[in-house]
Amino acid sequence: MISLLIMDVSGSTKATQDLSKEIKWLEKEISGWLSHQEKSYVNYRMGDELFIISSKPHYTLFIAFYAKLLWRENSFPLKCSFHTIDEKFPETDPEEWTDAGIKETRIALDNVKKSAIQDFAGVDIDCSIDVALMYVTDILNNLTGLQREVLLMKMSNMTQKEIASSLNKSHSTISAHFQKSRGRQLEVILNFLESCYKDEVDLTELQNKVIQSFRKSGDR
């Protein structure tokens, strides 16, 4: 089994060149997240779209989650459609691959692009997962720049004291911004999503690499 992901930036035709740099940075990070897999594919397509194939089932759900967490362009939402299919990794050029799973992922993406309250679409996912991801959408799309920065640092296992020192802010200020970011709720949702697939995929390697992306995200 493999998993697919298509991510599209809404309204990107109105954006500056800085948006393209953000997508290229994300493409590079995701490629690093998948580098331990025997086979994977990440491509930045025309139209400000990323196409990703992982050789592991359900992996792309979590790639979408972490990519959305890193995405700081709230004016141009990152829409994500993922799908796990019972197929082998394509032997041909992935851009020429015509499996039905790609069409299903594309249809799901087209539908979620019309939504004002949901930025994630999973083909044939449980309703509880869909609702959880709707809440993730609300949290991430309403973060301020500082709240996102604090949240990423906290999720990279930095202490509040270390975060305060790094950002030159007081401990109470960091605590307040983490609370406003709804970081604790986000962690509960992530734990729930992981529990849904714990018997099907090991996310340890991905999470270790994502932490490195979190720690250097402010330098891009």
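Reply: The crossing of H4 and H8 is left-handed, a term used when the near helix is turned anticlockwise from the far one by less than a right angle, with right-handed used for clockwise. The model is predicted: local features need pLDDT of at least 70 and side-chain atom pairs count only at pLDDT 80 or more, while totals for chains, interfaces and linings use all residues. Residues are numbered from 1 along each chain as its sequence is written, and side-chain values use heavy atoms, with hydrogens and water left out. Helices (H or I, at least four residues) and strands (E, at least two) are DSSP runs, numbered from the N terminus.

H4 covers residues 127-140 and H8 residues 183-197; they pack at about 150 degrees with their axes 10 Å apart. H4 is therefore roughly antiparallel to H8; angles over 145 degrees count as such, under 35 as roughly parallel, 65 to 115 as roughly perpendicular and the rest as oblique. Axes are lines fitted to C-alpha atoms, for helices over the stretch in contact, and angles run from 0 to 180 degrees between N-to-C directions. On the H4 side the contact (heavy atoms within 4.5 Å) involves Ser128, Ile129, Ala132, Leu133, Tyr135, Val136, Ile139 and Leu140. These meet Gln185, Leu186, Ile189, Phe192, Leu193, Cys196 and Tyr197 of H8. By class, that contact has 13 nonpolar, two polar and no charged residues. Ala, Val, Leu, Ile, Met, Phe, Trp, Tyr, Cys and Pro count as nonpolar, Asp, Glu, Lys and Arg as charged, and the others, Gly among them, as polar.

Tyr59, Phe62, Ile63, Tyr66, Leu69 and Leu70 of H2 make the contact with Glu205, Leu206, Gln207, Val210, Ser213 and Phe214 of H9. Nine nonpolar, two polar and one charged residues make up the contact of H2 with H9.

Next, the sheet. Its five strands form an open sheet in the order S2-S3-S1-S4-S5, with mixed pairing; strands pair if DSSP finds at least two bridges between them. S2 and S5 (120-122) are the edge strands, each pairing on one side only. Neighbouring strands are turned by 10 degrees against each other on average, direction ignored. Helix H3 (residues 100-112) packs on the sheet and touches S1, S2, S3, S4 (78-85) and S5, its direction making about 150 degrees with that of S4.

S3 pairs antiparallel with S1 (residues 2-9) over six bridges, leucine 5 standing opposite isoleucine 52. Six bridges also join S3 to S2 (residues 40-45), again antiparallel; asparagine 43 has phenylalanine 51 as its bridge partner. S2 and S3 form a hairpin with three residues between them, and glycine 47 in the turn has a positive phi of about 85 degrees.

Aspartate 99 lies in the loop between S4 and H3 and is buried, at 18% relative accessible area.

Definitions and conventions: Buried < 20%, exposed > 50% of the residue type's maximum accessible area, 1.4 Å probe, protein only.
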